[in-house]
Amino acid sequence: MPAAPKDRDQPWLMRTYSGHSSAKASNELYRTNLAKGQTGLSVAFDLPTQTGYDADSPLARGEVGKVGVPISHIEDMDQLFAEIPLDKMNTSMTINATAAWLLSLYVGLAQRRGIAPSQLSGTTQNDIIKEYLSRGTYIYPPGPSMRLIADTINYTVKHVPKWNPTNVCSYHLQEAGATPVQELAYALCTAMAVLDRVKASGEIEAQAFPQVVERISFFVNAGIRFVEECCKLRAFGELWDQLTLTRYQVTDPKLRRFRYGVQVNSLGLTEAQPENNVQRIVLEMLAVVLSKRARARAIQLPAWNEAMGLPRPWDQQWALRMQQVMAFETDLLEYGDILDGSPVIAAKVSELIEGARREIENVEAQGGIIAAIESGYIKRELVGSHMDRLRAIESGDLKIIGVNCFQETAESPLTLGGDGAIMKTDPAAEREQIERLQAHRRNRNDAEVRAALQALTDAAKSGENVMPGSIRCALAGVSTGEWGDTLRAVFGEFRPPTGIDIAIDSRQVLGKKDQVSELRERVARTGNAIGRPLKLLVGKPGLDGHSNGAEQVAVKARDVGFEVVYDGIRLTPQQIAQAAQEEGVHVVGLSILSGSHMELVESVLQELRSRDLANLPVIAGGIIPREDAERLVALGVRAVYTPKDFSLNAIMGDIVDLVRECNGLERLGLLH
Amino acid sequence: MTQIVDLPDPEQLALRILRRERAAVASGLNLLDNKLAEARNRSARLLAALAGEHWLKDGHLIGITGPPGAGKSSLVAAMIREWRLSGRSVGVLAVDPSSRPELGGGALLGDRIRIKHASYDEGLFIRSLANRNQLGGVANEVWPMSWLMLACFDIVVIETVGVGQTEIDIAEIGDTVCYVAQPASGDTIQYLKSGIIEIPDIFAVNKADLGAAAHKTASEIGRSAPRQDRREDWDYPVCLVSATTHTGITAMLEHCDRHRSFLANAGWLDKLRLRHQRAWVVRLLKEEFGTFGLELLGGRHLIGQRLSENPSHQFAEYERMRKHIFSRFISINQPGSPTT
Ligand code: B12
Ligand SMILES: Nc1nc2c(ncn2[C@@H]2O[C@H](COP(=O)(O)OP(=O)(O)O)[C@@H](O)[C@H]2O)c(=O)[nH]1
Ligand SMILES: [Mg+2]
């Protein structure tokens with residue numbers, strides 16, 4: 001007999017991470033999604049909004065409305081939530097460096113609509129630490145950034161009590177290669193850094209501190225090894241319970257509960273045979289729903305075409321339906337915890353806890369997570385873990401169906417459509433957003449804008465909470481870029497270590513060893529023949545923060561003997577061309593995953609030409625649809641690589657041959 | 001061979017470098033890095049074309065050394081900001097370690113990211129170099145490259161690989177050598193004990209923002225530095241700086257300027273540069289051909305004399321000596337010739 005509805009547990013919050021082109025287009029999408037049974041909103045912002053630039057800033061070129069919705073001022077926010085009741089909605093915003101600003105716009109909008117801030121519920125991601133380590137939308141140095149987080153926490157605890165002001169993220173760490181133990185350890189270190197900072201601010205009385213602890217929620221990942229992942233979540237719960245009790249003396253167990261939302265792993269989703277991603281996603285979801293004690297509060301799933309480009313509404317609907325089948329058709333929600341009492345699970349959980357404790361101690365001994373970010377330690381650990389993963393894929397030790405085994409396939413009907421089976425954002429979006437912003441600037445009260453910005457500067461300098469000043473800015477019509485620049489002027493900017501300087505000899509596996517030796521020989525021989533060692537520039541133009549590919553290409557190139565220049569993410573085409581010139585490199589490799597490859601590659605080529613470097617070979621890699629790859633080649637790009645080119649050795653072989661060809665030497669061909 | 005066709009004409013290149021054309025500076029550095037025989041010939045011609053009186057009198061070569069992580073790159077960035085504000089152009093050579101030859105000998109050149117924050121600046125030029133497993137904290141290429149840069153930038157900075165105790169080479173390149181220490185670091189204390197303390201002209205204890213520990217380290221250095229009295233009249237200043245908060249930087253730069261005037265006024269600047277050039281030629285020859293090679297040229301003393309005769313053509317002279325040794329080697333290895 002099926003259980004009566006009242007006996008079933010409430011399902012988790014079901015979300016779809018979305019937003020694109022403009023506030024208007026995204027609002028339409030949200031309203032259709034809500035009509036389909038989605039129970040909360042998860043807003044994806046475009047990169048200029050996430051990094052505090054206006055749509056008309058030169059740095060925003062090509063990025064406006066691409067990977068998310070552009071929000072330049074309060075009118076955009078109003079349009080984004082048109083006909084959506086803010087007091088009834090649970091809104092999650094993936095926003096970090098500018099979280100205080102987007103929250104201010106949201107609160108300001110609520111005030112304008114006559115809704116008390118106390119009625120708002122939702123989440124601002126607001127975790128800067130994983131931005132430095134993985135996600136890349138940082139702006140300010142660690143000190144001021146942590147202070148902004150503390151300010152939003154202190155503000156919301158008092159004025160927006162249903163808000164989750166920060167979401168400590170381990171999700172992005174796994175996407176940058178972290179192992180389960182690293183995910184546990186670094187997320188908990190992050191939570192400690194946040195809580196310690198709030199405590200140090202002195203704004204919260206001691207007896208109210210447990211409420212702050214209770215407001216900390218997490219955003220985690222679940223990969224394909226779903227048994228281990230399920231154990232990881234149980235380990236998270238136990239570690240958090242102990243930590244909040246011992247370190248922060250939270251005596252009420254309810255306030256010590258580990259609350260988390262999930263996006264399942266996307267790093268393992270493939271471009272080859274993309275339909276297989278559906279099974280992967282469902283299995284990954286299982287990890288976070290199976291154990292009642294460690295069940296997710298909110299879930300968002302990627303789509304089957306994740307590695308091809310942005311999902312279309314139908315792709316997202318399919319992902320939402322996976323959740324609904326799990327929650328409403330299966331009997332999962334009828335039982336208590338089905339893993340309690342299993343010795344196998346318990347042993348795995350303790351093993352993970354042990355490992356995490358050791359790594360937490362290690363980080364604490366280095367002065368805490370901020371110090372370990374500044375020194376580059378954690379980033380190096382992540383780059384090392386990701387390198388191990390890629391090498392295992394390359395050697396075949398880690399099997400990825402359709403990629404390094406079972407590659408033969410019938411033609412997929414899913415990818416046959418003329419649209420490349422991905423979402424195309426509106427090409428007019430950038431221009432329209434700029435026009436809208438410029439019209440907005442003309443229509444506001446300049447004196448009030450100036451006064452509000454001055455008050456923000458004063459608060460930033462004095463150490464007073466920036467939230468009230470930011471809300472005043474929001475209501476005055478200040479723009480995202482103005483808010484960002486005002487704080488840049490006070491706090492300065494920051495670029496974290498790239499982590500690619502991992503020790504080469506401490507790593508045993510080098511992929512296919514014989515191939516590596518052959519490559520080293522080829523690189524050395526070619527260097528001798530042209531007179532100096534081969535030098536490669538790996539460049540990340542634009543606001544794109546996806547660094548994994550660039551890092552791994554850089555590390556691999558060093559391993560096979562290249563001298564490699566890599567200056568990290570978010571550089572302008574001009575900076576990249578200038579580095580290519582000053583460094584005298586033999587080849588430039590660009591990595592772009594944000595979808596802005598056409599604009600950015602063209603600009604880099606132009607900048608190179610203006611420096612007499614028209615003959616310098618340029619290659620590109622990333623999420624680049626086939627037709628775009630052909631257009632890039634027509635522009636003069638020598639080769640384009642996408643995720644299906646998983647063999648870094650093969651890529652290195654190609655690069656050596658490209659340099660040889662450009663220097664009048666014969667090609668050496670495929671590796672043996 | 002096509003790549004030789006692509007090598008630039010050295011005399012024309014020199015003219016463009018003296019006009020401070022960035023593209024020319026870049027291709028000049030590429031040429032100096034090139035080990036093909038024809039490239040070496042042209043390199044010698046390029047440096048000869050750039051040479052002149054000004055080479056012994058103008059500009060300022062500053063070497064920055066110190067243990068890894070002390071903040072050398074960050075400090076160079078802070079110094080650049082000040083120099084650029086005062087309108088001086090800056091060339092930087094940043095040296096990073098290479099992996100061991102059996103591990104491929106590759107290198108990650110990661111200093112640019114620390115040194116450069118401004119977007120585009122015509123007056124700043126950074127070239128990163130791998131040390132290619134040469135001992136001593138710099139690479140051989142640094143010597144000719146720093147001279148090229150001296151021809152077109154007001155200030156040339158060389159950042160060494162931070163290896164702690166062995167980077168003596170920098171003393172044979174820089175007019176002024178700055179040692180960057182970080183607070184309470186074992187490296188620094190060891191360094192103090194090792195006696196190499198006589199090399200730096202200026203000490204900078206970085207990360208002063210970290211507080212008391214920085215003061216302590218500074219006073220420890222202060223106590224040992226003057227004992228060396230390497231050059232009378234020079235006071236071996238110890239400055240407390242913070243690259244992060246940008247404090248103490250102007251004071252440090254004043255010491256740099258003061259040191260340069262000190263050398264120039266005492267008539268030592270040109271002598272020092274000539275001495276450095278000689279030391280490098282001997283070093284490079286010795287590295288390539290061993291003591292035996294030096295003997296073939298008549299020994300260190302004679303080499304020194306030959307170089308002194310033609311002070312602005314040291315590199316060309318070096319190339320001539322190299323060829324001479326080669327020809328001797330070949331004749332020695334001829335059948336029948338006596339082997340000594
Ligand atoms: C991991 C990941 C992340 C991580 C990135 C971590 C990091 N530090 O890199 C996190 C979670 C932080 C992240 C965040 C975001 N992501 Co993301 N992410 C991915 C994901 C799942 C995998 C990318 C990856 O790292 N692959 C592993 C590396 C090794 O592969 P690769 O980079 O493709 O490199 C290979 C080849 O392409 C090639 N290559 C790449 N570069 C180069 C360079 C050279 C010189 C050469 C020779 C070769 C080469 O060689 C490599 C070897 O095979 C992809 C989807 C997918 N499965 O591909 C989405 C994806 C790239 N992300 C996407 C988006 C939208 C975002 C966000 C912008 C979302 C938002 N609105 O906030 C954010 C913000 C990021 C930012 N600041 O820009 C979109 C991009 C859409 C588009 N192009 O149209 C994708 C495609 C997902 C999707 N379908 O929506 N993401
Ligand atoms: N607190 C502090 N940290 C600094 C300062 N200067 C550099 N650092 C940090 O020290 C580390 C090493 O800096 P880097 O310039 O790369 O050192 P290098 O290896 O000597 O070139 C980085 O994490 C810097 O952020 C400073 O003045 N104060
Ligand atoms: Mg450095």
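Visitor: Why is the meeting of the A:K66 and A:E599 side chains called a salt bridge?
Guide: The term requires a side-chain nitrogen of Lys or Arg within 4 Å of a carboxyl oxygen of Asp or Glu. A:K66 and A:E599 are 3.1 Å apart, N to O, so the pair meets the rule. This is a predicted model, in which local features need pLDDT of at least 70, side-chain atom pairs count only at pLDDT 80 or more, and totals for chains, interfaces and linings use all residues; side-chain values use heavy atoms, with hydrogens and water left out. Residues are numbered from 1 along each chain as its sequence is written, and chains are lettered from A and ligands numbered from 1 in the order in which they are written.

Visitor: What makes domain 1 and domain 2 of chain A separate entries?
Guide: The bounds, 13-375 for domain 1 and 513-662 for domain 2, come from an automatic or database domain assignment. Their centres, taken over C-alpha atoms, are 33 Å apart. Domain 1 of chain A puts 23 residues into the contact and domain 2 of chain A puts in 19, where contact means heavy atoms within 4.5 Å.

Visitor: How much area is buried between domain 1 and domain 2 of chain A, and how is it defined?
Guide: The value is about 1,500 Å², 49% of it from carbon and sulfur atoms. Buried area is the accessible area (1.4 Å probe) that two parts lose on being put together, summed over both. On the domain 1 side, A:R61, A:E63 and A:E271 lose the most, together 30% of what that side buries.

Visitor: Why is the pair A:R441 and A:D54 said to link distant parts of the chain?
Guide: Their side chains form a salt bridge at 3.0 Å, N to O. The two residues are 387 residues apart: A:R441 is in helix 16 (residues 429-443) of chain A, and A:D54 is in the loop between helix 2 (47-50) and helix 3 (74-80). Helices (H or I, at least four residues) and strands (E, at least two) are DSSP runs, numbered from the N terminus.

Visitor: What joins strand 12 of chain A to strand 3 of chain B?
Guide: Three bridges join them, and the strands run parallel. Two strands pair if DSSP finds at least two bridges between them, so this counts as a pair.

Visitor: How many residues does each chain give to the contact of chain B and chain A?
Guide: Chain B gives 37 residues and chain A gives 40. Together the chains bury about 3,000 Å², 48% of it on carbon and sulfur atoms. B:L108, B:R112 and B:I113 supply 22% of the area that chain B buries there, more than any other three residues.

Visitor: How many salt bridges does the rule find across the interface of chain B and chain A?
Guide: The rule finds five. One of the salt bridges in the model joins A:E583 to B:R112, with the closest N and O atoms 2.8 Å apart. That distance is within 4 Å, so the name applies.
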